[in-house]
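Here is a friendly note to read beside the structure.

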Amino acid sequence: MKTNNLEHLAVIMDGNGRWATKRGKPRLYGHKAGIESFKRTIKACLEFNIHILSVYAFSTENWSRPKEEVDGIMDLINEFCKTDTDFAVENGIQVVTMGDLSKLPENLQISLTNMIEKTINNNKLILNIGINYGARSEIIRALNLIIQDNLPFCDEQIFKKYLYTSNLPDPDLIIRASGEKRLSNFMLYQCAYSEFYFPKTHWPDFNKRVIKKAIKVYNKRNRRFGGLKNY
């Protein structure tokens, strides 16, 4: 499928709780369904030859949710890491993360580290998982590291090296599921020239068809990056 140089897709996986509530189920039921949608999205990216997928799995603000929900989300991510590492290895998926992993439960830190190490040499798809991630804290972290290194000068290229995404290109397209039209502290520095798409589909219902439609919409966009095309 033609992807019009869509190399990096970023997704805000939103709407799990509302999806569950509509069905009279607890919010964690929606998060469990969201994991399956996450897996479908990974497979779709492999099929459509998208080389980088960044996802917003758990934000720095999500800690304020009820402890039962937070613990459930952590358990679901941990289970994904344990059960899908072999799938990642077999399908050429390299797993990387953005966010402060030191704040995560120890068992999840171990599972994530294992998945990262076992997939480090893969190159078909980079799966960038944002966990305990917030763009503002990422920027503050970068500034503190620059101060710590006592740099006499900093430009955009130097600053980018201090971000979690230092080795990745900026997202070409950012999708937020469930129809909300905001970034919610996601990749604020990296999204300067990203295209946006806001389907009303809640994340648990997200599938290959939605992604295919998003790519079709993206293909029609005229990306000028501040200049004039064919000038």
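1. How do the residues of the lining of the largest pocket divide into nonpolar, polar and charged? There are 13 nonpolar, 8 polar and 6 charged (Ala, Val, Leu, Ile, Met, Phe, Trp, Tyr, Cys and Pro count as nonpolar, Asp, Glu, Lys and Arg as charged, and the others, Gly among them, as polar).

2. Please keep in mind that this is a predicted model, where local features need pLDDT of at least 70 and side-chain atom pairs pLDDT 80 or more, while totals for chains, interfaces and linings use all residues. Residues are numbered from 1 along each chain as its sequence is written, and side-chain values use heavy atoms, without hydrogens and water.

3. The largest pocket has a volume of about 590 Å³ (a pocket is an open set of points on a 1 Å grid where a 1.4 Å probe fits, with protein on both sides within 12 Å along at least five of seven lines; lining residues have an atom within 4 Å of a point). Closest to its centre, of 27 lining residues, are Met 13, Asn 16, Tyr 56, Ala 57 and Asn 62. The largest share of the lining, 5 residues, comes from α2.

4. The second largest pocket has a volume of about 350 Å³. Of its 16 lining residues, Glu 156, Asp 170, Tyr 189, Gln 190 and Ala 192 are the closest to its centre.

5. The axes of α2 and α3 come within 10 Å and cross at roughly 30 degrees. That makes α2 roughly parallel to α3 (angles under 35 degrees). Residues of α2 that meet α3 include Ile 35 and Phe 38 (contact means heavy atoms within 4.5 Å).

Technical notes: Points joined across faces, edges and corners; volume = space filled by probe spheres on them. Helix = DSSP H or I, 4+ residues; strand = E, 2+ residues; numbered from the N terminus. Axes fitted to C-alpha atoms, helices over the stretch in contact; angles between N-to-C directions. Parallel < 35°, antiparallel > 145°, perpendicular 65-115°, else oblique.
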